[in-house]
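The sequence and structure come first.

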Amino acid sequence: MSAALKKSSSNGSDKSVTTEEQQAKISEIRKLIGPLPEKLAIYCSDAAITRYLKARNWNVKKATKMLKETLKWRAEYKPEEIRWEEVAHEAETGKIYRSNYIDKHGRTVLVMRPSCQNTKSTKGQIRYLVYCMENAILNLPPDKEQMVWLIDFNGYNLSHTSVKVTRETAHILQDHYPERLGMAILYNPPKFFEPFWKVVKPFLEPKTQNKVKFVYSDDPNSKKIMEELFDMEKLESAFGGNDDSGFNISKYAERMREDDKRMPAFWTRGNPQSAEPHVDLNSLDLNSDSDASDNGKVDSSPSHVSDSETLSPSESVIVTKGSDNGSTEVH
């Protein structure tokens with residue numbers, strides 16, 4: 001890991017963090033969190049803690065609070081225990097699925113088709129989204145932390161958008177899967193999407209701006225974006241590639257059942273799971289001074305939006321989380 005400048009989010013500023021400083025912050029967060037059961041301790045790898053630090057501009061207190069909230073959520077929601085049979089009905093139309101190809105950087109690709117929404121249960125849709133995120137992470141190479149979202153807007157209209165699901169999707173992704181998005185490709189989006197993006201874009205950090213690509217099937221420049229990112233022989237024809245096989249629910253179900261078998265070993269790193277010590281989740285104090293930076297000062301004038309915004313894959317709209325009142329704006 002280089003000692004180069006790390007660009008991060010939270011308040012829109014750049015912060016210089018050397019390798020030594022980064023490791024010191026990781027160690028400090030571990031001390032603040034304290035002992036954890038094996039599953040949760042595995043989730044607190046250096047790479048995982050670094051993602052939370054990046055999402056909070058390397059502010060230890062803010063990153064610690066964010067991570068503690070995720071640890072509580074994981075202990076209660078148990079996302080790693082969701083299995084295919086529980087969510088299979090949500091997947092029947094191929095509205096979200098992990099592709100059988102990766103991009104040229106070795107990153108997992110999640111294909112999303114918002115027009116293929118087939119259920120009305122917010123709980124069920126979020127459960128399936130979490131399952132897909134966990135499955136994508138399971139299939140990331142050891143040296144990769146981020147994935148690609150390939151969003152197909154064929155047949156999409158505003159009737160496919162649920163503000164309730166969008167708000168919950170934004171909450172889950174930005175609070176519990178920070179820094180997991182490497183690239184979001186919006187393929188043939190409706191005409192009204194790009195003007196909105198141009199309005200939002202100046203308020204986002206460059207690294208966030210660069211994660212979103214508008215791609216159109218009739219635009220030669222767009223085709224170059226796809227060719228640079230994917231092996232066109234393996235890419236689906238719906239995205240301009242040469243693979244005509246399409247989504248097959250039966251074959252996909254087989255893949256997911258096999259992945260489900262791998263999940264327990266992934267969370268124990270291949271070691272038999274021993275009896276875990278009881279940890280009172282309430283002992284994970286979330287009332288630390290999350291507004292104070294490492295030197296005790298408060299930055300109350302953010303100039304950009306980054307970690308507080310995300311692209312909602314289930315509804316595929318730009319979502320910006322509001323302030324302390326918990327509101328969410330849908331752009």
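## Overall make-up

The protein chain contains 11 helices and 10 strands. The model is a predicted one. Of its 331 residues, 50% count as buried.

The accessible surface of the protein chain is about 16,000 Å², and carbon and sulfur atoms account for 51% of that area. Where contacts link residues at least 6 apart in sequence, 77% of them join residues at least 24 apart.

## Helices α3 and α4

Two packed helices are described by the angle between their axes and the distance between the axes. For α3 (residues 46-55) and α4 (residues 60-77), the axes come within 8 Å and cross at roughly 125 degrees. The two helices are therefore oblique to each other. The crossing of α3 past α4 is right-handed.

On the α3 side the contact is made by I49, Y52, L53 and A55, which meet V60, A63, M66, L67 and T70 of α4. By class, the residues of this contact are eight nonpolar and one polar, with no charged residue.

## Loop residues with positive phi

N57 lies in the loop between α3 and α4. Although N57 is not a glycine, its phi is positive, at about 55 degrees. With a relative accessible area of 6%, N57 is buried, since the cut-off for buried is under 20%.

N188 sits in the loop between β6 (181-187) and α8 (193-200). N188 is likewise a residue other than glycine with a positive phi, near 50 degrees. Its relative accessibility is 29%, so N188 counts as partly exposed.

Note on methods. Residues are numbered from 1 along each chain as its sequence is written. This is a predicted model: local features need pLDDT of at least 70, side-chain atom pairs count only at pLDDT 80 or more; totals for chains, interfaces and linings use all residues. Side-chain values use heavy atoms; hydrogens and water are left out. Axes are lines fitted to C-alpha atoms, for helices over the stretch in contact, and angles run from 0 to 180 degrees between N-to-C directions. Helices (H or I, at least four residues) and strands (E, at least two) are DSSP runs, numbered from the N terminus. Angles under 35 degrees count as roughly parallel, over 145 as roughly antiparallel, 65 to 115 as roughly perpendicular and the rest as oblique. A crossing is left-handed if the near helix is turned anticlockwise from the far one by less than a right angle, and right-handed if clockwise. Contact means heavy atoms within 4.5 Å. Ala, Val, Leu, Ile, Met, Phe, Trp, Tyr, Cys and Pro count as nonpolar, Asp, Glu, Lys and Arg as charged, and the others, Gly among them, as polar. Buried means under 20% relative accessible area, exposed over 50%, partly exposed in between (1.4 Å probe, protein chains only). Accessible areas come from the Shrake-Rupley method with a 1.4 Å probe; for residues, only the protein chains shown count as cover.
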